[in-house]
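My entries follow in the order I made them.

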Amino acid sequence: MFESIRRARLQREGLSCGKTRRKHQEGDLLDEMRTHPAGTVGAYVLFFVGIGVLMRLGTQVEAGLPAVTWLHMLYAAAIGFAMVVHERVALRHDICDNGVLLLVLGTIFTHLALVVLMLDLSFSQSWGKTLKAIVLPHAFGPVVLSVILGRRIGLFGAIYATLFGVLVCISISAPTYMATSALLGFTGVLLTKHVRRRNRLFMAGLYVGLVAMAYSLLLHEAAGVIMEERIGRMVGLPLLIGIVTGMAVGGLLPVMESVFGVTTDVSWLELGDLNHPLMRRLSIEAPGTYHHSLVVANLSEAAAEKIGASASMCRVCAYFHDIGKLSKPEYFIENMDPSANPHEDLTPRMSALVIIAHVKDGVDLAIKHNLNSRIIDVIEQHHGNSLAYFFYRQALDQKAEVERLVKQSKAKEDDVPQVSEETFRYPGPRPQFKESAIISLADAVESASRTLDKPNASRIETMINDIVQARMMDGQLDECDLTIAELARIKASFAKTLLSMMHGRIKYQKAIEAKPSSQQAHVRDEARPVLVGDEETEASAKIVEASFSSPGPAAEAPVKKPRSRKSPPASAA
């Protein structure tokens, strides 16, 4: 309310247009809940209450099963304590907030609920004890967690889904259940590395089904009950369950991503469409920025691959990191008309404000077009709170000039401008995660590479080292979790990618337009460039040959026979 009153007052005074800029992450209460310890405790309490309910339901799928006792509850409490310790010690950085924790616990609970439902169905169909253990959807939870949060979390889910599943499915032999659940759950995690297409989930389900089918045959044979089950049911059901599991995960992924605010590689590839309205606008209204964004995407994607970060996320976020320049594209050097520099009519402070504003303008556009929250984070963080050094240096020079005039009594003390470093700094925040830091460095490196004269490997590496060192000294990398070893790999990747982008071209000999037909073969050898394997060389050779094959007046013109080149004598060499 007070903000609206202040804005109305400024509007009456002509100091505000009355409009409010869109903000990223407006829900302070929600942000507090995602990190508050009470939210963590609440998530675990709900999970353990749900496990108790499932244990009770598991005793009711078949008549005559023993009821849940305090001993079973003690077992569940011991496993729960181990799970909490495992998560807090080994996965503290992977499960970074309560939202991710709720996703992990909710997936394990859903997995066990599906196991109970399938177990009830198997008893109603009077399947054998061995088949009952195999037809359960053991791979569902591990595959979901592996695809969304990574294979480390997938293995975590597979371990504790197996341990809690033993207590829930007390009608099945504990060794049989543990062996089957561990085998199929870990197989699902193994097959879900770099899932970038939804059909990979179907194939993962198919392979899990094939493993379950082979294991079913071996298990029935070892138990001596292979003749008691129909071969079609014994083989077909495990395969069918595996395929249905893969298809179910593919269908549920968009829902889970939307509910929990996470994004998989599959969705990142879908978001990386260059036909997005903002990218189309960028290519038309700010073509220099568009090309810059594509190069930054290539640099950051290659660097992310080197350190195990999300390469797909880096590429997509790099596409959109400079969309704020659409507000005033002509004020940025990559889009600027060389004959008309708009900054010549502005003070350094005003120029810096225009340049710095592209961050807030980008956030405004991203929210308006409902872009992914990670993209908005990168837009906010890709400059951190770094200094717009060019205009800051220009302001200091102007201040020094006015002070010199004051000493010469040609100006007044009041004319000396006040230059504050904070005025020339971006609003921040600094990069908070690896992908944001990579894009921030790639943005600076790509911009600086345009100033290199005759770039080579040594100059490129020196430039990259200077930029990274300056960012570290300025504290721009203090809040992300990049290590020194990872920075070294990132710099090496930048150097390799830039060197391949800025490679030179050989100078081809000028093609002779006309030669007599009797000397065509000899002239072709003289006019052919040296590197025959290169694509441009082959194209040049084809042009030369085409000029000889087409008849015309020039083809009859006499040509002086080139002199033979004699090798120098040994003494001269």
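**Entry: second largest cavity**

I started with the residues around the second largest cavity of this predicted model. I listed Gly-324, Lys-325, Ser-327, Lys-328, Phe-332, Val-354, Ala-357, His-358 and Asp-361 as its lining. I then sorted this lining by class and got 3 nonpolar, 3 polar and 3 charged residues. The volume came out at about 40 Å³.

**Entry: largest cavity**

I asked how many cavities of 30 Å³ or more the whole structure holds. The search finds 4. I noted about 60 Å³ for the largest cavity.

Which helices take part with at least two residues each? I found helix H10 (198-223) and helix H11 (231-260). H11 gives the largest share, 4 residues. By class, I wrote down 9 nonpolar and 3 polar residues for the lining of the largest cavity, with no charged ones.

**Entry: second largest pocket**

I moved on to an open space. The second largest pocket holds about 1,400 Å³. It is lined by 41 residues, and I marked those closest to its centre: His-383, Tyr-389, Phe-390, Tyr-426 and Ser-447. The lining of this pocket divides into 17 nonpolar, 13 polar and 11 charged residues. I checked the helices too. H14, H16, helix H18 (389-407), H19 and H20 each put at least two residues into the lining of the second largest pocket.

**Entry: nonpolar cores**

I finished with the cores. The largest nonpolar core has 53 residues. Which residues have the most contacts inside it? I noted Phe-320, Ile-323, Ile-375, Ile-438, Ile-464 and Phe-494. Several helices each supply at least two residues of this core, among them helix H14 (287-307), helix H16 (348-368), helix H19 (434-449) and helix H20 (457-473).

Leaving aside neighbours within four places in sequence, I found Ile-464 in contact with Val-445, Lys-491, Phe-494, Ala-495 and Leu-498. Another core, of 42 residues, lies apart from the largest one. I noted Ile-79, Val-104, Leu-119 and Phe-156 among the residues of that other core.

Methods: Residues numbered from 1 in each chain as written. Predicted model: local features only at pLDDT ≥ 70, side-chain atom pairs only at ≥ 80, totals over all residues. Heavy atoms only, no water. Core = buried A, V, L, I, M, F, W, Y, C linked by side-chain atoms within 4.5 Å. Buried < 20%, exposed > 50% of the residue type's maximum accessible area, 1.4 Å probe, protein only. Contact = heavy atoms within 4.5 Å. 1 Å grid on protein atoms, 1.4 Å probe; cavity = no way out; pocket = protein on both sides within 12 Å on 5 of 7 lines; lining within 4 Å. Points joined across faces, edges and corners; volume = space filled by probe spheres on them. Nonpolar A, V, L, I, M, F, W, Y, C, P; charged D, E, K, R; others polar.
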